[in-house]
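Please read them with the structure open.

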Amino acid sequence: MANGIISIDKPEGWTSQDVTARLRRVFNTRRIGHGGTLDPMATGVLPVFVGRATRGVEFFEHAQKIYEATIRLGIATDTEDVTGTVLEQKDVSVSEDDFLTVLERFRGEIMQVPPMYSALKVNGQKLYDLARAGKEVERKPRPITIYELECLAFSGNEARLRIHCSKGTYIRTLCKDIGEALGCGGCMAALRRIQAGEYTISESVPLEQLLAASERGENMDGYLKPVDSMFASLPAISLTPNQSKRIRNGNTFSYTAENGKYRLYGDDGAFLALGQVSDGVMSTIKSFFEV
């Protein structure tokens, strides 16, 4: 059975669920999931978890993301992007200096109200279902962090941004809020995710390329990265045979190291688990070995 992670360069027009549904057939498995939804109009990095790797999806939900987005000024829509119904149009008389000054308000920790057209649930109902029924409900602002917000280009009524942000950030809403702060309104005109966690656009496989390779009968396992690649930023520990046995049995053991999370490898070099040292005791956060 296939096990691992593939970073797909999602094309425009596909939902994240569309991609995973298609890859179930490619890898011939039902155990598959994605790390972080991309809107149909968005392109770029979509990590897909196959087989045992699906055990890591819960950790990827907290991964930071980097996007390149185009904001169009002077237009407000119900979906907060150019695919929606236009609610208001205004003349734009914003200088580049004005634009750069306003961006400063959106760096660091900020509060953001999730859009109605999102998969968040209120009283058990998805917001986009309510929105499509013509209903709007109150949404509470949520804290997010914008680590970097850089203007890559400015042309008067459009600008291209590079955004490094925390989980839970809606780039459509960020564009809308920037437009409102400028007094002319705004919406998202394009979006490309260039990094999600450890995975970058340069190593992502275009979906069309993967599907073509599958049609040719290529071995799809060669496209999968090992499960531990998602934890590449964490230090690795090689365990003794006795320690490996204790991890496989779900037991703790004494271990001298700084408190924190670690990649744990068996004496045979196989990735066993994501572990944690706390006050000299090693325990398992999540196991990834084959039972």
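1. The model is predicted. By class, the lining of its largest pocket comprises 15 nonpolar, 15 polar and 11 charged residues.

2. The largest pocket holds about 1,300 Å³ of space. Its lining is made up of 41 residues. Those nearest the centre of the pocket are Thr37, Leu38, Asp39, Ala119 and Tyr170.

3. The most is given by α1, with 4 residues.

4. For the second largest pocket, the volume is about 280 Å³. Its lining divides into 7 nonpolar, 3 polar and 2 charged residues. Among them are Phe59, Phe60, Met230, Phe231 and Leu274, together with Glu198 and Lys261.

5. Turning to the sheet: 5 strands form an open sheet with mixed pairing, in the order β15-β17-β18-β19-β16. Strands β15 (236-238) and β16 (253-254) are at the edges and have a single partner strand each, so one side of each is without a neighbour in the sheet.

6. What is the sense of the pairing between β16 and β19? The two strands pair in the antiparallel sense, over 2 bridges, with β19 spanning residues 281-287. Ser254 has Val281 of β19 as its bridge partner.

7. Helix α7 (residues 241-248) packs on this sheet and touches β16, β17 (260-265), β18 (271-278) and β19. The direction of α7 makes about 90° with that of β18.

Technical notes. Residues are numbered from 1 along each chain as its sequence is written. This is a predicted model: local features need pLDDT of at least 70, side-chain atom pairs count only at pLDDT 80 or more; totals for chains, interfaces and linings use all residues. Side-chain values use heavy atoms; hydrogens and water are left out. On a 1 Å grid over the protein atoms alone, a cavity is a set of points where a 1.4 Å probe fits but cannot get out, and a pocket is an open set with protein on both sides within 12 Å along at least five of seven lines; lining residues have an atom within 4 Å of a point. Grid points are joined across faces, edges and corners, and a volume is the space filled by probe spheres set on the points. Ala, Val, Leu, Ile, Met, Phe, Trp, Tyr, Cys and Pro count as nonpolar, Asp, Glu, Lys and Arg as charged, and the others, Gly among them, as polar. Two strands pair if DSSP finds at least two bridges between them. Contact means heavy atoms within 4.5 Å. Axes are lines fitted to C-alpha atoms, for helices over the stretch in contact, and angles run from 0 to 180 degrees between N-to-C directions.
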